Amino acid sequence: MNKEKMIAMLLAGGQGTRLKELTEKNAKPAVHFGGKYRIIDFALSNCANSGIRNVGILTQYQPLALSMHIGIGGPWDLDRQVGGVEVLPPHMTTQGGQWYAGTSNAIYENLDYIDMRDPEFVLILSGDHIYKMDYSKMLDFHIEKNAAVTISAIQVLLDEASRFGILNTLEDGRIYEFEEKPENPKNDLASMGVYIFNWDILREWLIKDQKNPKSSHDFGKDILPGMLEEGFNLYAYSFSGYWRDVGTVESYWQANMDLLDPENSLNLFDEDWRIFTNNYNVPAQYISPSSKVERALINEGCIVHGQVKNSILSTSAVVKKGAQIEGTILLPGAIVGENAVLKNVIVLSHETVEDGVVITSDEITIYGAEDYGMVINRREL
Amino acid sequence: MTKKVAGLINLGEKETYIRELTQYRPLATVPFAGRYCLIDFMLSSMINSGIGTISILVKDKFHSINDHLSYGKWWDLDRKTGGLRILYPDIKEETAFDGDLQRLGTNLIYFEKMKEDHILLTRSNYLGNINFKKAFEAHEKADTDITILSKKVTQGKTRVDLLGLDILVEDNGKTYIGQNLGNQDEFEMGIEMYFIKREVFMEIVKEALELGKEKSLSAAIARRLIKYSVQVYSLEEEILPIYSLQQYYNASLRILEEDKAHCLFYEHGRIHTKVKDAPSALYMEGSQVSNSLVANGCVIEGTVENSILFRNVRVEKGAVVRNSVVFQGSVIESNSQVNFAILDKRATIGRGKILMGDGGLPYFVGKGARII
């Protein structure tokens, strides 16, 4: 089996500034999503379901909730005697220390970790995308094509293509041009930020890139274009299915709302590809006689007395009597007071919307100043 | 309590009146409240009270116990010191299934080697979120050999659900265990929970095994109460005994009262259980849910009232579920009606079918049954 030959390096240090208050105190990969998950759960569960047993997680920005969430990797069966999960923050050395300067620098700073695992292939992942993908199939493709690098790619709308790294390919998937966020994209095939490298080649390039003072130490801007220029085999592995980079408040909100469609292609209900996460030992949700619930995704521990429509209720959220919420996302432990009316609101974790408060807008409103991303320990009612 | 008390949950409770639910599983792993098994409440009460060494004396249907408890991870009982131990009978012995005393005898070495000086002996079928700390303080302070935990009952004459359970009778400074025949209004109900000094526990087990007069531990203890110093400690927490299908049904619907649910799920700590990673429940367009407890993984398009839905239950369009308890993975197909029923795991109620029990006699649909 090839699967054991590959380890994953998961980039989880990003801030995600465009998510505003959601990432004020919380790294983007740790932002709550879909009632019970955090965004990083998708990449981690993909690893678990693809049979990857070694995952290094590179953290930097606001790592507290993220590190607590990952722990020793139990929810993803990564609490292993051999291998498992390692959280890899920036660190000091005898030469001093610095923050991770870019995506490829973050990997470079952890050469020792990868060398210790001694893999044949390294899978580079980003911890801030919502999707389900079998990386073992991508590895099969990588080996079959005898590629130096395989980049997972997805078709996007041509209008939006300038937001992504665009891959221009030959018929068999071989990449002849790589354009990072082009103004006039020639193609709609976008890089998903998921790469498989042959470790010996990547290792060499990381060291070379580190010595280049002009480099920004980024995979998309430096490593991949550089390798292409030198004539390496770069292949695009085309992925079709649900994939979202929830980089803005609007796209985050929309991706949550997508889950309300029972036919949505992410299909969280697929028992053969479960998304794993931490569990908080709270009881089943209670829907009271005074409530009305329609088109909603509601998690354990929630208590609903009011009206809920087109909304997502995360762990232990409460909607009190007479309250009406629509198009709203309640993060863990959020409370909506009696007779409050909310439309298109994201209520941050543990925030309380006082009784009678009305917030209705066609724009999305974030309620609360900071999301620490913690899940409540005990509910007092 | 951590280093002083070891818990012992003695399975093999009487299942005569709850045969429907215990055909494939012991009482301990009968599902409850949407996502738990009965034993979760006792295990969680123990760990939340600081007990870190817990053994389970099992009688039969091991697969179900093993599936649920495994090595105790979900209760933080995967420890090097103490933790969870399942005490199996020795099936080589012809007498292995005679009674729990024999099964204890096989496992005596476990109790001989442990460092804790007291045993908290319980069953799995008295539901509650119990803080054992106060009771143990009383046990330690009085320095009695045995402290029997009880629950005060008022209006006992009207409580048909408590018939046949233990009554603790104090007479002339001695304590006796009698049977509730419904003739008393106020009494201390025995709930088969005891703090016993470990050496006394060992002495009772060994003596009873040697003399051979009793087969069961409870009988062995009851007959020897006059020999030891005994006190009764009445618990404040609500305790729901589950030993019949009717009791199970009533207790299930009782937790739909919000204050009851709050006490049971949160009062002295959370109830831990095996994790199953189901997504949040999805309520679709047209769903009507009222006064119900719904577990994750459910998809609801129909009507649900006064009911408990376990994980991954599907209620299709036009289907109506009322006053019912529906176990994991069951499907209520479109336009069918289920009222006053208990559906075991993965049952299917076909399109347009009508199932009707009664509050005093819930209709039971077996595991995997297909009514189509």
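I began with chain B of this predicted model, where the centres of domain 1 of chain B and domain 2 of chain B, taken over C-alpha atoms, are separated by 32 Å. The contact between them draws 20 residues from domain 1 of chain B and 24 residues from domain 2 of chain B. I noted the bounds as well: domain 1 runs over 5-266 and domain 2 over 282-371.

Next I looked up the area buried between the two domains of chain B, which comes to about 1,700 Å², with 68% of it given by carbon and sulfur atoms. On the side of domain 1 of chain B, the residues that lose the most area to domain 2 of chain B are B:Gly34, B:Tyr249 and B:Leu256, which together make up 35% of what that side buries.

I then turned to charged and polar pairs, and found that the count between these domains is one salt bridge and three residue pairs in polar contact. Strand S2 (31-32) and helix H8 (245-254) of chain B each supply at least two residues of the side of domain 1 that touches domain 2, and H8(B) gives the most, with seven residues.

My next entry concerns B:Thr122, which is found in strand S6 (residues 118-122) of chain B. I count B:Thr122 as buried because its relative accessibility is 0%, and buried means under 20%. Among the residues that B:Thr122 touches, leaving out those up to four places away in sequence, are B:Leu8, B:Met42 and B:Met193.

Last, I looked in chain A at A:Ile57, one of the residues with the most contacts inside the largest nonpolar core, which has 43 residues.

Note on methods: Residues numbered from 1 in each chain as written. Chains lettered and ligands numbered in written order. Predicted model: local features only at pLDDT ≥ 70, side-chain atom pairs only at ≥ 80, totals over all residues. Heavy atoms only, no water. Core = buried A, V, L, I, M, F, W, Y, C linked by side-chain atoms within 4.5 Å. Buried < 20%, exposed > 50% of the residue type's maximum accessible area, 1.4 Å probe, protein only. Helix = DSSP H or I, 4+ residues; strand = E, 2+ residues; numbered from the N terminus. Contact = heavy atoms within 4.5 Å. Domains from an automatic or database assignment. Buried area = accessible area lost by both parts, 1.4 Å probe. Salt bridge = Lys/Arg side-chain N within 4 Å of Asp/Glu carboxyl O. Polar contact = N/O pair within 3.5 Å; in protein donor to acceptor, adjacent residues only side chain to side chain.
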